[in-house]
Amino acid sequence: MAERQEVLDAISLRLQEVIPALRGSSPEADTDLRDYAEFDSLGVLELLVWIEGEFSLTIPDEELTVESFSTPAKIADYIVARG
């Protein structure tokens, strides 16, 4: 599995594609993604599908919590812990 910083960098790049307001600027690790209208159910789903494919993970429904997926840092921690 990749190092946490590599995972965080990959997530930041992907978020710039999913959330137009972030294009051209890397989100901070603790940026609350819920502050962006584009990070709605479709944006979350798009990110989750990418995570599962990119990092060869299956994310069980019961693990889809705000605690795990509200910031780039939390997402990276989740991926690293399960990778």
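Buried means under 20% relative accessible area, exposed means over 50%, and partly exposed lies in between. The model used in these exercises is predicted.

**Exercise 1. Classify Glu17 and Arg14 by accessibility, then describe the salt bridge that links them.**

Step 1. Take Glu17. Its relative accessibility is 46%, so Glu17 counts as partly exposed.

Step 2. Take Arg14. Its relative accessibility is 17%, so Arg14 counts as buried.

Step 3. Check the distance. The closest N and O atoms of Glu17 and Arg14 are 2.5 Å apart. The cut-off for a salt bridge is 4 Å.

Step 4. Glu17 and Arg14 are 3 residues apart in helix H1, so about one helical turn separates them.

**Exercise 2. Find which residues outside its sequence neighbourhood Arg14 touches.**

Step 1. Locate Arg14. It is found in helix H1.

Step 2. Leave out residues up to four places away in sequence. Arg14 then touches Glu46, Leu47 and Trp50.

Step 3. Look at Glu46. Its side chain makes a polar contact of 3.1 Å with the side chain of Arg14.

**Exercise 3. Count the salt bridges and work through examples, including Glu63 with Arg82.**

Step 1. The count comes to 5 salt bridges.

Step 2. One of them joins Arg34 and Asp32, at 2.8 Å from N to O. Asp32 has a relative accessible area of 23%, so it is partly exposed.

Step 3. Another salt bridge joins the side chains of Glu63 and Arg82, at 3.1 Å from N to O. Glu63 lies in the loop between H2 and helix H3 (66-69), and Arg82 lies in helix H4 (residues 72-82), so the pair ties together parts that are 19 residues apart in sequence.

Step 4. Classify both partners. Glu63 is partly exposed, at 26% relative accessible area. Arg82 is partly exposed too, at 42%.

Step 5. Look for shared partners. Salt bridges of this kind join Arg14, Glu17 and Glu46 into one network.

**Exercise 4. Assign a geometry to each of the 2 aromatic pairs.**

Step 1. Know what to read. A pair of aromatic rings is described by the distance of the centres and the angle of the planes.

Step 2. The structure holds 2 aromatic pairs. In one, the ring centres of Trp50 and Phe55 are 5.6 Å apart and the planes stand at 90 degrees, so the pair is edge-to-face.

Step 3. Trp50 is buried at 17% relative accessible area. Phe55 is buried at 13%.

Step 4. Turn to Phe69 and Tyr78. Their centres are 4.9 Å apart and their planes 50 degrees apart, a tilted pair. Both Phe69 and Tyr78 are buried.

**Exercise 5. Describe the setting of Pro27 in the loop between helix H1 and helix H2.**

Step 1. Helix H1 spans 4-18 and helix H2 spans 41-54, with Pro27 in the loop between them.

Step 2. Is Pro27 buried or exposed? Its relative accessibility is 9%, so Pro27 counts as buried.

Step 3. List the contacts, leaving out residues up to four places away in sequence. Pro27 touches Ser12, Leu15, Gln16, Leu22 and Pro72.

Step 4. Follow Pro72. It stands 45 residues from Pro27 along the chain, with 7.7 Å between the C-alpha atoms.

**Exercise 6. Identify which residues form a nonpolar patch on the surface.**

Step 1. Name the members. The patch is formed by Leu42, Leu45 and Val49.

Step 2. Give its area. Together these residues have about 310 Å² of accessible area.

Step 3. Leu45 is found in helix H2.

Notes: Residues are numbered from 1 along each chain as its sequence is written. This is a predicted model: local features need pLDDT of at least 70, side-chain atom pairs count only at pLDDT 80 or more; totals for chains, interfaces and linings use all residues. Side-chain values use heavy atoms; hydrogens and water are left out. Rings of Phe, Tyr and Trp (its six-membered ring) pair if their centres lie within 6.5 Å; planes under 30 degrees apart count as stacked, over 60 as edge-to-face and the rest as tilted. Buried means under 20% relative accessible area, exposed over 50%, partly exposed in between (1.4 Å probe, protein chains only). Helices (H or I, at least four residues) and strands (E, at least two) are DSSP runs, numbered from the N terminus. Contact means heavy atoms within 4.5 Å. Patches are made of residues with over 30% relative accessible area and no salt bridge: like charges are joined within 9 Å, nonpolar side chains (Val, Leu, Ile, Met, Phe, Trp, Tyr) within 5 Å. Accessible areas come from the Shrake-Rupley method with a 1.4 Å probe; for residues, only the protein chains shown count as cover. A polar contact is a pair of N or O atoms within 3.5 Å; within protein, one must be able to donate a hydrogen and the other to accept it, and residues adjacent in sequence count only if both atoms are side-chain atoms.
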